[in-house]
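This report describes one protein chain for a reader who has not seen it before. Please look over the sequence and the structure first.

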Amino acid sequence: MCRKKVFGLEKQKLALKTRIMRLTAPALATAGILGMSVPGVAVTASYNNDYRACAGRLVSLGVTAQAAAEGCATALRPRDLSACVLDISRNTQITATDALSGCRRARQPRDLATCAVAVSKNTEGSINPDVINYCGRSLLPVRFAQCVVGLRSEIKELPPIQALDTCIDGSDRISGYTPPSSLPSQQGGTQFSPTFETQPMPASPNQ
């Protein structure tokens, strides 16, 4: 009798566990699905998304929706692109649309912005249409800006466009390299001149 009671109790416990599992399985599955979807919702609703931050900033500066979408979508670093446009448009007389065109072509948008702002301030905005092109052509935009600002600070009569042309030419050269054609020829050095025997060798005794 005792064995039958124990067996009956174990059977009831097993049935209860099975019933509980059936009731909780759908709830657990639903919770799992919701848990998987929450991170995606958090990303799209947050400005931690670089593309959203980029597009929002460009549109707020007056860039058209289409241009903002194309610029942010193709940028390697969307935040740097929008920061470049923001810096130039707020600190120069260059429009955000023109700034976007230059920033999109730059390998280092933030350096381009630093260059454009510095040169524009030094030249008092007299070369606004060209400053982005010059900064974009230089491999080292910040150094190029330092060249322009430095020369014009000491040479007051140097026209802005001439300073740009002079510095862009200088930035294309490798510092410390001298072309072989301009190396001084060595004079007075010892030259090697081989000598050869001109007398015939004596004939062999056997001949």
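## Terms and basis

Buried means under 20% relative accessible area, exposed means over 50%, and partly exposed lies in between (1.4 Å probe, protein chains only). This is a predicted model, in which local features need pLDDT of at least 70 and side-chain atom pairs count only at pLDDT 80 or more, while totals for chains, interfaces and linings use all residues. Residues are numbered from 1 along each chain as its sequence is written, and side-chain values use heavy atoms, with hydrogens and water left out.

## Overall fold

The chain has 9 helices and 0 strands; helices (H or I, at least four residues) and strands (E, at least two) are DSSP runs, numbered from the N terminus. Of its 207 residues, 26% count as buried.

A contact means heavy atoms within 4.5 Å. Among contacts in the chain with a separation of 6 or more, 60% come from residues 24 or more positions apart.

## Ser-120

Ser-120 lies in helix H6 (residues 109–122). Ser-120 is buried, with a relative accessible area of 6%. Its side chain reaches the backbone oxygen of Ala-116 at 2.9 Å. Leaving out residues up to four places away in sequence, Ser-120 touches Thr-92, Ile-94, Gly-125, Asn-128 and Val-131.

## Disulfides

A disulfide is a pair of cysteine sulfur atoms within 2.5 Å, and the count by this rule comes to 4. With the bonded cysteines numbered in sequence order, the pairing is 1-2, 3-4, 5-6, 7-8.

One of the disulfides joins Cys-54 to Cys-72, with an S to S distance of 2.1 Å. Cys-54 lies in helix H2 (residues 50–60) and Cys-72 in helix H3 (residues 65–74), so the pair ties together parts that are 18 residues apart in sequence. Both Cys-54 and Cys-72 are buried.

## Two further links

Cys-84 is joined to Cys-103 at an S to S distance of 2.0 Å. Because Cys-84 lies in helix H4 (residues 78–91) and Cys-103 in helix H5 (residues 96–105), this pair ties together parts that are 19 residues apart in sequence. Cys-84 is buried, with a relative accessible area of 1%, and Cys-103 is buried, also with 1%.

A disulfide also joins Cys-147 to Cys-167 (S to S 2.0 Å); the link is left-handed, with -80 degrees about the S-S bond. Cys-147 lies in helix H8 (residues 141–154) and Cys-167 in helix H9 (residues 160–171), so parts that are 20 residues apart in sequence are tied together. Cys-147 is partly exposed, with a relative accessible area of 29%, whereas Cys-167 is buried, with 3%.

Conventions
Polar contact = N/O pair within 3.5 Å; in protein donor to acceptor, adjacent residues only side chain to side chain.
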